[in-house]
Amino acid sequence: MTQPIEDYALIGDLMTSALVGRDGSIDWLCLPRFDSPACFAALLGDQENGHWRIAPTGAADGEPCTRRAYADGSLVLESVWETGGGTVKVTDFMPQRQCAPDVIRIVEGVTGEVTVRSTLRLRFDYGHVVPWVRRSDGDRVAVAGPDSAWFRSEPPVHTWGEANSTRSEFSVGAGQKVAFVLTWHPSHEPRPEPVDPYAALDQSLADWREWSSRCCYEGPYREAVIRSLITLKALTYTPTGGIVAAATTSLPEELGGVRNWDYRYCWLRDSTLTLGSLVATGFLDEARDWRAWLLRAVAGDPADLQIMYGIAGERRIPETDLPWLRGYASSAPVRAGNAAVDQLQLDVYGEVIDSLHLARTAGLAAERHSWKIQLALLDFLEHNWHRPDEGLWEVRGPRRHFVHSKVMAWVAADRAVRTMEHDPSLPGDVTRWRTMRDTVHREVCEQGYDPGRNTFTQYYGSRELDAATLLIPRVGFLPPGDPRVVGTVDAVRAELGRSGLVRRYSIEEGPAVDGLPGTEGAFLACSFWLADALHMTGRDEEAWALFERLLAVRNDVGLLAEEYDPVAGRQLGNFPQAFSHVGLVNTALTLGRGELVD
C-alpha cells in the first residue's frame with residue numbers, strides 16, 4: 001500500500017535523513033549521505049525494496065498510529081499507538097554522528113501491556129541487493145559489497161530471521177523500554193563503538209533545543225517558522241554546509257507521471273532566499289557555512305558554472321534510471337542523479353552574486369577572494385546574458401529567452417554597482433556594470449512585457465506566464481507600485497491560479513514549453529511568492545489569507561513537499577522540500593513586519 005507523501009515525517013543526523021510513515025515504517029533511508037544509495041527504498045517500490053516497521057502486533061499493514069508529533073524544538077519523532085491492551089510510544093531519531101550513522105527507535109510502554117513487532121528488511125543499493133545476515137555476539141550484522149549494518153536491541157528481545165527479513169517480538173508494560181539501534185559502516189572497516197541509545201536521546205533533544213532556541217523570529221506563527229528552520233537544518237550536510245533541495249528522489253509531481261527527479265543535491269537558485277531566511281532569523285553560522293559552500297562550489301571557470309552541485313561541491317551528477325523500482329504510486333522512471341546539471345541557466349549568475357551581496361550587507365565578514373569570483377562571473381555574464389537558456393525551471397524543451405533569467409542578469413549587474421558604490425576601493429569598472437544593468441532592463445521591459453495584457457511573460461514573445469515574474473518587485477527590478485508589477489501579479493494569479501494556489505508556469509502547451517508530457521500540482525514556493533507580492537502591492541489581508549491557506553497544506557508534523565494538488569488534497573513532489581520551507585519562513589518575515597493578523 002502506498003502511503004500519501006504527507007504521511008511521512010523526517011528524522012536525520014545532519015548528514016543524511018530518513019522518512020518515517022504514520023504506520024511506523026521507515027520507508028526511505030540513504031546511508032551514509034543524503035545522496036548515497038538507499039538501504040530502505042519501499043517509498044519508491046514495495047516492502048521488498050527495504051523498510052523497517054515497528055508497530056503493535058495487531059496493526060495491519062499501513063494502519064497508522066493514533067497520533068504523532070515532534071518533541072518540542074527538535075527532530076525527535078514520537079508516535080503513539082493506543083490499543084485494546086494499552087498504549088505504547090515509539091521514539092525515532094538519528095543522533096548527530098560522532099563516527100557512524102545510527103537510526104535509533106525506542107519503544108516505551110505507557111499504559112497496560114502491548115505486544116510489539118519489529119520487521120527489518122535491509123536492501124542495499126536502492127532496494128536492489130539483499131544482504132547476507134548473520135549473528136554476532138547476540139546482535140545481527142548484514143553485509144553486501146561495500147555496505148555493512150549492525151542491528152541490536154537493549155535489552156535483548158526475541159529476534160529471528162524470516163523471509164529475508166529480521167523480526168523481533170516482545171511485550172512492554174507501563175514504564176518499560178526497548179531500544180533498537182541500526183548502525184551502518186563500510187564493510188571493510190571494523191564495527192563502530194556501539195552508542196548508548198538512551199544517552200543519545202537525551203543528547204539529541206538537548207542539541208536540537210539549543211539550536212532552535214537561537215531563533216530570533218518573534219512574529220506571528222513562530223512555531224511554524226521554527227519547524228521550517230529545523231527542517232532546513234535537517235537538510236544540511238554539516239561537513240560542508242551544503243543544503244539539499246529535498247531528502248528524496250523521484251517523488252512525482254503528477255501521480256503516475258514521468259516528472260520524477262532527484263533532488264538530493266544543492267541548487268544555486270535557492271541560494272539567495274535560503275541565505276536571507278537564515279540571516280533574518282539569527283542563524284548566522286549556518287549562513288556563513290552556506291556561503292562558504294557556495295564559494296567553493298562556484299570556484300573555477302565562470303563558463304563552467306552549474307545550476308546544482310553535490311553536497312560537497314561535486315560537479316558530476318549523472319542521471320540513471322533504476323528500473324527495479326516501480327516508482328511511488330507507479331510513477332516511473334525512478335532516477336538517481338540529475339541530467340539538468342548540464343543545462344545552461346543564466347539566472348544562477350544573478351543568484352550567486354545576489355547571495356554574496358546579501359551576505360555582505362548582513363554583516364558577514366567578506367571572504368578575500370569573493371569579489372574576484374564575482375568579477376569573473378560578471379565578465380562572463382556580460383558577454384552571455386543575451387543567450388537563450390533552459391531557465392529557472394529546468395525545462396527539457398528548447399532553450400528560450402526566459403524573462404526571469406534576464407531579470408537575474410540585471411540583478412547581477414545591479415548588485416555589482418551597489419557593492420562598488422558602497423566600497424569604491426574595490427577593483428572593477430562600475431560604469432561598465434551600470435551600462436549592462438540599463439541595457440538588460442530596457443530589453444526586458446521591451447521584449448518580456450505584454451502591454452496588451454499588462455503583464456510580464458514567461459519568455460520573449462510568449463503568451464505563457466511564469467510565477468517567477470512575481471519576484472520582480474522583490475529583487476528590485478521594478479517598484480511594487482509600478483502598474484506593470486501589479487498587472488503581472490493579477491495575471492499570474494488569474495491564469496496560473498489553482499484553488500487559490502499557484503502553478504509555476506503554463507503547461508497547457510505541453511512539450512512545446514517544458515518538453516514533458518503530463519501536468520503537475522500547484523508549486524508551493526511560488527504560492528508563497530504570490531503572498532509576498534500581494535503584500536508588496538498593498539493587499540495585506542489577501543496576503544495573510546493565502547499564507548494561512550498554505551500553512552494548512554502542511555502535514556500533521558509541519559512538513560511541506562514541493563507541490564500540492566488542491567483537488568485531491570495531496571502533497572506532490574520530493575519531500576520535505578527546502579524551497580517550500582524557505583518560502584514559508586520568508587513570507588512569515590515579510591508579512592510579520594505588518595502583523596495584520598487576528
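Helix H6 passes helix H7 in a left-handed crossing. The model is a predicted one. H6 covers residues 347–361 and H7 covers residues 370–384. Their axes come within 10 Å and cross at roughly 150 degrees. Angles over 145 degrees count as roughly antiparallel, and H6 and H7 are therefore roughly antiparallel to each other.

The loop between H6 and H7 holds Ala365. Ala365 counts as exposed because its relative accessibility is 58%, and the cut-off for exposed is over 50%.

Helix H4 (residues 271–280) packs with helix H15 (residues 578–592). Their axes are 9 Å apart, at an angle of about 50 degrees. H4 and H15 are therefore oblique to each other. The crossing of H4 and H15 is left-handed.

The loop between strand E28 and H15 contains Pro576. The peptide bond joining Phe575 and Pro576 is cis, with omega about -20 degrees. Another cis bond runs from Glu154 to Pro155, where omega is near -5 degrees. Pro155 sits in the loop between strand E12 (147–154) and strand E13 (158–162).

Side chains of opposite charge can pair when their charged atoms come close. In this model the count comes to 43 salt bridges. One of them joins the side chains of Arg570 and Glu6, at 3.8 Å from N to O. This pair links distant parts of the chain, 564 residues apart. Arg570 lies in strand E28 (residues 570–572), and Glu6 lies in the segment before strand E1 (8–12). Are the two ends buried or partly exposed? Arg570 is partly exposed, at 22% relative accessibility. Glu6 is buried, with a relative accessible area of 14%.

Arg97 forms another salt bridge, with Asp13, and the closest N and O atoms are 2.8 Å apart. Arg97 is in the loop between strand E8 (86–93) and strand E9 (102–121), while Asp13 is in the loop between E1 and strand E2 (17–21), so the pair ties together parts that are 84 residues apart in sequence. Arg97 is buried, with a relative accessible area of 15%. Asp13 is buried too, at 2% relative accessibility.

Arg68 and Asp556 also meet through their side chains, in a salt bridge of 2.8 Å, N to O. Arg68 belongs to strand E6 (residues 67–70) and Asp556 to the loop between H14 and strand E27 (563–565), so this bridge ties together parts that are 488 residues apart in sequence. Arg68 counts as buried, at 8% relative accessibility. Asp556 counts as partly exposed, at 40%.

A network of salt bridges links Asp354, Asp414, Arg415, Arg418 and Arg437.

Helix H14 (residues 540–553) leads on to the rings. The structure holds 21 aromatic pairs. One of them, Trp544 with Phe547, is edge-to-face: the centres are 5.9 Å apart and the planes are 70 degrees apart. Both residues lie in H14, three residues apart, about one turn of the helix. Trp544 and Phe547 are both buried. Elsewhere, ring pairs link Trp52, Phe151, Phe170 and Phe180 into a cluster.

Rings also meet charges. The charged end of Arg33 sits over the ring of Tyr237, 5.4 Å from its centre. The charged end of Arg400 sits over the ring of Tyr459, 4.5 Å from its centre.

Last, the backbone. Which residues other than glycine have a positive phi? Asp125 is one of them, with phi of about 55 degrees. Asp125 lies in helix H1 (residues 124–127), and it is partly exposed, with a relative accessible area of 31%. Ser250 is another, with phi near 65 degrees. Ser250 is in the loop between strand E17 (242–243) and strand E18 (266–267). At 0% relative accessibility, Ser250 counts as buried.

Key: Residues are numbered from 1 along each chain as its sequence is written. This is a predicted model: local features need pLDDT of at least 70, side-chain atom pairs count only at pLDDT 80 or more; totals for chains, interfaces and linings use all residues. Side-chain values use heavy atoms; hydrogens and water are left out. Rings of Phe, Tyr and Trp (its six-membered ring) pair if their centres lie within 6.5 Å; planes under 30 degrees apart count as stacked, over 60 as edge-to-face and the rest as tilted. Helices (H or I, at least four residues) and strands (E, at least two) are DSSP runs, numbered from the N terminus. Buried means under 20% relative accessible area, exposed over 50%, partly exposed in between (1.4 Å probe, protein chains only). A charge sits over a ring if NZ of Lys or CZ of Arg is within 6 Å of the ring centre and within 35 degrees of the ring normal. A salt bridge is a side-chain nitrogen of Lys or Arg within 4 Å of a carboxyl oxygen of Asp or Glu. Axes are lines fitted to C-alpha atoms, for helices over the stretch in contact, and angles run from 0 to 180 degrees between N-to-C directions. Angles under 35 degrees count as roughly parallel, over 145 as roughly antiparallel, 65 to 115 as roughly perpendicular and the rest as oblique. A crossing is left-handed if the near helix is turned anticlockwise from the far one by less than a right angle, and right-handed if clockwise.
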